[in-house]
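This briefing goes through one protein structure, topic by topic. Please keep the sequence and the model open while reading.

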Amino acid sequence: MGNVFGRKRRTRVTEQDRAVLQLKQQRDKLKQYQKRITLQLEKERNLAKQLLKDGKKEKALLLLKKKRYQDQLLDKTENQISNLERMCQDIEFAQIEMKVIEGLKVGNDCLKSLHEAMSIEDVERIMDETQEAIEYQREIDEMLAGSLTQEDEDAILAELEAITQGDLDLPEVPDESLPEVPEAAEEEPEPGQERPRKKQEREMLAV
């Protein structure tokens, strides 16, 4: 397991990477040369001052001419360093652009495969069906929200209650009609007694 986790991932070095590395190495050498020349020029300047103090004007003048030439070399070195740095930046930016182009190519290939899997006709059909479903649901919502009055709401609740009660187990009513019960015959009065109705009629007449 130590070998697995300790294994380093190898990075592929391209020709552009080698070119950038060489340019940076050359730039670093020029910077070292620039630093060395700058220190030398400072020493020669101080030496020319000392020569002037000692009355050796000719030697001081010759030393200043040499310093002037080295100043020009220093300016050229600075320009070369700037050119090398610009070249490095251009190559690195070109590498970034290449990676972006490769990413765009992969993306275009992916989009093409997706477009081949679903045609424009399929997309239009799905969009039309979705729009129709949305419009149909909107119409239903508008009907339910705007067309029902309070009376309609009460009627719906009453119907719901009636349906709920209708679901209860109630005894079934027979369809056949019940047999008629014969009227009880009037009892015959005992001898010497009148029928109650006739008796009432006589009492009304007597009054």
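From the N terminus on, the elements of the protein run α-α-α-α-α-α. That comes to six helices and zero strands, where helices (H or I, at least four residues) and strands (E, at least two) are DSSP runs numbered from the N terminus. This is a predicted model, in which local features need pLDDT of at least 70 and side-chain atom pairs count only at pLDDT 80 or more, while totals for chains, interfaces and linings use all residues. Residues are numbered from 1 along each chain as its sequence is written, and side-chain values use heavy atoms, with hydrogens and water left out.

**The protein overall**

- Of the 207 residues of the protein, 10% count as buried; buried means under 20% relative accessible area, exposed means over 50%, and partly exposed lies in between (1.4 Å probe, protein chains only).
- The accessible surface of the protein is about 19,700 Å², and carbon and sulfur atoms account for 55% of it; such areas come from the Shrake-Rupley method with a 1.4 Å probe, and for residues only the protein chains shown count as cover.
- Among contacts between residues at least 6 apart in sequence, 67% join residues at least 24 apart, a contact being heavy atoms within 4.5 Å.

**Residues of helix α2**

- R27 is found in helix α2, which covers residues 15-53.
- R27 counts as buried because its relative accessibility is 18%.
- Leaving aside residues up to four places away in sequence, R27 touches I81, L84 and E85.
- E44 also has its place in helix α2, and E44 counts as buried because its relative accessibility is 8%.
- With residues up to four places away in sequence again not counted, E44 touches L63, K66, K67 and Q70.

**Salt bridges**

- Side chains of opposite charge can pair when their charged atoms come close.
- The structure holds eight salt bridges, each defined as a side-chain nitrogen of Lys or Arg within 4 Å of a carboxyl oxygen of Asp or Glu.
- One of them joins D28 and R27, whose closest N and O atoms are 3.2 Å apart.
- In that pair, D28 is partly exposed at 35% relative accessibility, whereas R27 is buried at 18%.
- The side chains of K67 and D71 meet in another salt bridge, at 3.3 Å from N to O.
- Both K67 and D71 lie in helix α3, four residues apart, which is about one turn of the helix.
- K67 is buried, with a relative accessible area of 15%, while D71 counts as partly exposed at 21%.
- E129 forms a salt bridge with R125, and the closest N and O atoms there are 3.5 Å apart.
- E129 and R125 both belong to helix α4 (residues 120-146) and are four residues apart, about one turn of the helix.
- E129 is partly exposed at 44% relative accessibility, and R125 is partly exposed at 42%.

**Helix α3 and the surface**

- F93, I96, V100 and L104 make a nonpolar surface patch of about 400 Å².
- Patches are made of residues with over 30% relative accessible area and no salt bridge; like charges are joined within 9 Å, and nonpolar side chains (Val, Leu, Ile, Met, Phe, Trp, Tyr) within 5 Å.
- L104, a member of this patch, is placed in helix α3 (residues 57-117).
- L104 counts as exposed because its relative accessibility is 53%.
- D90 is found in helix α3 as well, and D90 is partly exposed, with a relative accessible area of 46%.
- D90 and V20 are 70 residues apart in sequence, and their C-alpha atoms are 9.6 Å apart in space.

**The largest pocket**

- The largest pocket has a volume of about 310 Å³.
- On a 1 Å grid over the protein atoms alone, a pocket is an open set of points where a 1.4 Å probe fits, with protein on both sides within 12 Å along at least five of seven lines.
- Grid points are joined across faces, edges and corners, and the volume is the space filled by probe spheres set on the points.
- The lining of the largest pocket consists of R12, T14, Q16, D17, I91, A94, Q95, M98, K99 and E102, where lining residues have an atom within 4 Å of a point.
- Helices α2 and α3 are the elements that give two or more residues to this lining.
- The largest share, six residues, comes from α3.
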